[in-house]
Amino acid sequence: YGKGGIGKSTTSSNLSVAFSKLGKRVLQIGCDPKHDSTFTLTKQLQPTVIDVLKECDFHAEELRPEDFVVEGYNGVMCVEAGGPPAGTGCGGYVVDQTVKLLKEHHLLEDTDVVIFDVLGDVVCGGFAAPLQHAQRALIVAANDFDSIFAMNRIVAAIHAKSKNYQVRLGGVIANRSAATDQIDRYADHAGLKRLAPIADHDVIRRSRLEESTPFE
């Protein structure tokens, strides 16, 4: 579960749409080399920031927002940070470059909600980079041992980052789980708040096939 398939991107995209329906200006940043975070918002895989930077020989001053920001469903702004090929570089560099670009074009301050969709390997310093720019970290987990084991490592990483950055644990979303007893036991022990339980609804599977968010 911690290596993909738990529903992080589905949850992130659905939250983005929900906030946009409330009239918020939303920016979703995919922080995974697979660059499929915003797929259901834009209906296709988008070029990544790292790809766009390569095309201009890393002269970031030549880029405009439309070169790396795509408007998705209901006005959600979508960015895919991308990443280096496996085993060749640090994911943190890519995230930092993406945030730098967004700040230069005032895109962070011009939005109400920014959602970083981060893969589950946050114990790596590079993949933990988004935690340096976030206020709240939400964990998506299932009610099973492996998922909770991965969550425990992520909780430790967030606590470590919170000593020097403003990020704090926001809580856990129990996904693909009819029961939540093991998550609840862990949450009680760790002082973690359970934000929502989501069972294994078939509409979520079908929404991915239809290239849409469950909300849509």
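Arg 25 and Asp 112 are joined through their side chains in a salt bridge, with an N to O distance of 3.1 Å; the term stands for a side-chain nitrogen of Lys or Arg within 4 Å of a carboxyl oxygen of Asp or Glu. The two partners are 87 residues apart and link distant parts of the chain, Arg 25 being in the loop between H1 and E1 and Asp 112 in the loop between helix H4 (91–104) and E4. Helices (H or I, at least four residues) and strands (E, at least two) are DSSP runs numbered from the N terminus. Arg 25 is partly exposed at a relative accessible area of 45%, and Asp 112 is likewise classed as partly exposed, at 42%; on this scale buried means under 20% relative accessible area, exposed over 50%, and partly exposed in between, with a 1.4 Å probe and protein chains only.

The model is a predicted one, in which local features need pLDDT of at least 70 and side-chain atom pairs count only at pLDDT 80 or more, while totals for chains, interfaces and linings use all residues. Residues are numbered from 1 along each chain as its sequence is written, and side-chain values use heavy atoms, with hydrogens and water left out.

Across the whole structure, 8 salt bridges are found. Among them is the one between Glu 66 and Arg 64, whose closest N and O atoms are 3.7 Å apart, and another in which the side chains of Arg 64 and Asp 67 meet at 3.9 Å, N to O. Through these shared partners, Arg 64, Glu 66 and Asp 67 belong to one network of salt bridges. Glu 66 counts as exposed, at 53% relative accessibility, whereas Arg 64 is partly exposed at 47% and Asp 67 is partly exposed at 28%.

Arg 64 is placed in the loop between helix H3 (49–55) and E2, and its C-alpha atom is separated by 8.0 Å from that of His 105, although the two residues are 41 positions apart along the chain. The loop between H3 and E2 also holds Cys 56, which counts as buried at 10% relative accessibility. From Cys 56 to Asp 67 the C-alpha separation is 11 Å, and the pair is 11 residues apart in sequence.

## Positive phi angles in two loops

His 35 is not a glycine, yet its phi is positive, at about 45 degrees. This residue, His 35, is in the loop between strand E1 (26–31) and helix H2 (39–42), and it is partly exposed, with a relative accessible area of 21%.

Asn 74, also a residue other than glycine, has a positive phi near 55 degrees. Its loop runs between strand E2 (70–71) and strand E3 (77–80), and at 38% relative accessibility Asn 74 counts as partly exposed.

## The largest pocket

Rolling a probe the size of a water molecule over the atoms shows where empty space is left. The largest pocket holds about 1000 Å³ of space. A pocket is, on a 1 Å grid over the protein atoms alone, an open set of points where a 1.4 Å probe fits, with protein on both sides within 12 Å along at least five of seven lines, and lining residues have an atom within 4 Å of a point.

The lining of the largest pocket consists of 38 residues, and those nearest its centre are Ile 115, Phe 116, Arg 136, Ala 137 and Leu 138. Two or more lining residues come from each of helix H1 (8–21), strand E4 (113–118), strand E5 (136–141) and helix H5 (145–162). Divided by class, the lining has 25 nonpolar, 9 polar and 4 charged residues.

## A nonpolar surface patch

Leu 15, Leu 138 and Leu 195 make up a nonpolar patch on the surface, and together they have about 220 Å² of accessible area. Such a patch takes residues with over 30% relative accessible area and no salt bridge, with nonpolar side chains joined within 5 Å.

Leu 195 belongs to strand E7 (residues 194–198) and is partly exposed, with a relative accessible area of 37%. Thr 180 lies 12 Å from Leu 195, C-alpha to C-alpha, and 15 residues from it in sequence. Thr 180 is in the loop between strand E6 (168–175) and helix H6 (181–190), and its relative accessible area of 11% makes it buried.

Methods:
Patch = residues over 30% accessible without salt bridge, like charges linked within 9 Å, V, L, I, M, F, W, Y side chains within 5 Å. Areas by Shrake-Rupley, 256 points an atom, 1.4 Å probe, with all protein chains shown as cover. Points joined across faces, edges and corners; volume = space filled by probe spheres on them. Nonpolar A, V, L, I, M, F, W, Y, C, P; charged D, E, K, R; others polar.
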